[in-house]
Amino acid sequence: MWDCKYHIVWTTKYRYEILKGDVGYRCRELLREIAISKEMVIYAGAINRDHVHMLTGIPPNMSVARAVQYLKGKSSHKLLSEFKHLKKRYWGQHLWARGYWVATSGNVTDEVWMEYIKNQEPPKPDDEFKVV
C-alpha cells in the first residue's frame, strides 16, 4: 500500500498557448494513458493553454523525476507526431519547457490542491481533468 501524492506543474516551451481544442483533449488522453501504464494515479488535473497541473499519485518505486520524464517525454513525442502544426512550431522536437514544479501534498491537504486545480479556467470542466 502506498499514498504518495504530488502536485506537478510544467509549461510548454516558450509558453506558447497551444494546449487548446483538440491538442488539449489529446494531451489529456495521453497523460491518462501514460499514468495508467506506469501505475500512477491522477487525482485531479487541468490543462491550461500553456501549462499542465496534475495532482498525481506516484508509486514509491519510481522517482518524481522519472514520472515527469515519462509524462512529458511520451506526450511530447505523440503530440508532435499527431499534430503537424506543432511539428512546424517546435522543429527541435521539444514541446515542453525544461523543468517542472513539484510539491508533496503532505504540506497541504488534498482538498486544497483539488480546489486550486478546480479553480483553474474554465470554471465548468467536462470532468475532473479539464482542458482550458
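Guide: A salt bridge is a side-chain nitrogen of Lys or Arg within 4 Å of a carboxyl oxygen of Asp or Glu. The structure above is a predicted model.

Visitor: What is the general idea behind side chains of opposite charge?

Guide: Such side chains can pair when their charged atoms come close.

Visitor: How many salt bridges does a search of the whole structure find?

Guide: The search finds six salt bridges. One of them links aspartate 3 and lysine 5, with 3.4 Å between the closest N and O atoms.

Visitor: Which of these two partners is exposed, and which is buried?

Guide: Aspartate 3 is exposed, at a relative accessible area of 55%. Lysine 5 has 13% relative accessibility and therefore counts as buried, because buried means under 20%.

Visitor: Which residue forms a salt bridge with aspartate 50?

Guide: The partner is arginine 15, and the closest N and O atoms are 2.9 Å apart. Aspartate 50 lies in the loop between strand E2 (41-47) and strand E3 (51-57), whereas arginine 15 lies in the loop between strand E1 (5-11) and helix H1 (21-37); the pair therefore ties together parts that are 35 residues apart in sequence. Aspartate 50 is buried, at 13% relative accessibility, while arginine 15 is partly exposed, at 44%.

Visitor: Where in the structure are glutamate 115 and lysine 118?

Guide: Both belong to helix H4 (residues 110-118), where they are three residues apart and so separated by about one helical turn.

Visitor: Let us turn to the strands. Is E3 mostly covered or mostly open?

Guide: E3 is mostly covered, since seven of its seven residues are buried. His51, His53, Leu55 and Gly57 point one way from the strand, while Val52, Met54 and Thr56 point the other way.

Visitor: Which strands are joined to E3 by bridges, and how do they run?

Guide: E1 is joined to E3 by seven bridges, and the two run antiparallel. On this side, tyrosine 6 stands opposite threonine 56 of E3. E2 is joined to E3 by six bridges, and this pair also runs antiparallel. Here valine 41 stands opposite glycine 57 of E3.

Definitions and conventions
Residues numbered from 1 in each chain as written. Predicted model: local features only at pLDDT ≥ 70, side-chain atom pairs only at ≥ 80, totals over all residues. Heavy atoms only, no water. Buried < 20%, exposed > 50% of the residue type's maximum accessible area, 1.4 Å probe, protein only. Helix = DSSP H or I, 4+ residues; strand = E, 2+ residues; numbered from the N terminus. Pairing = 2+ DSSP bridges.
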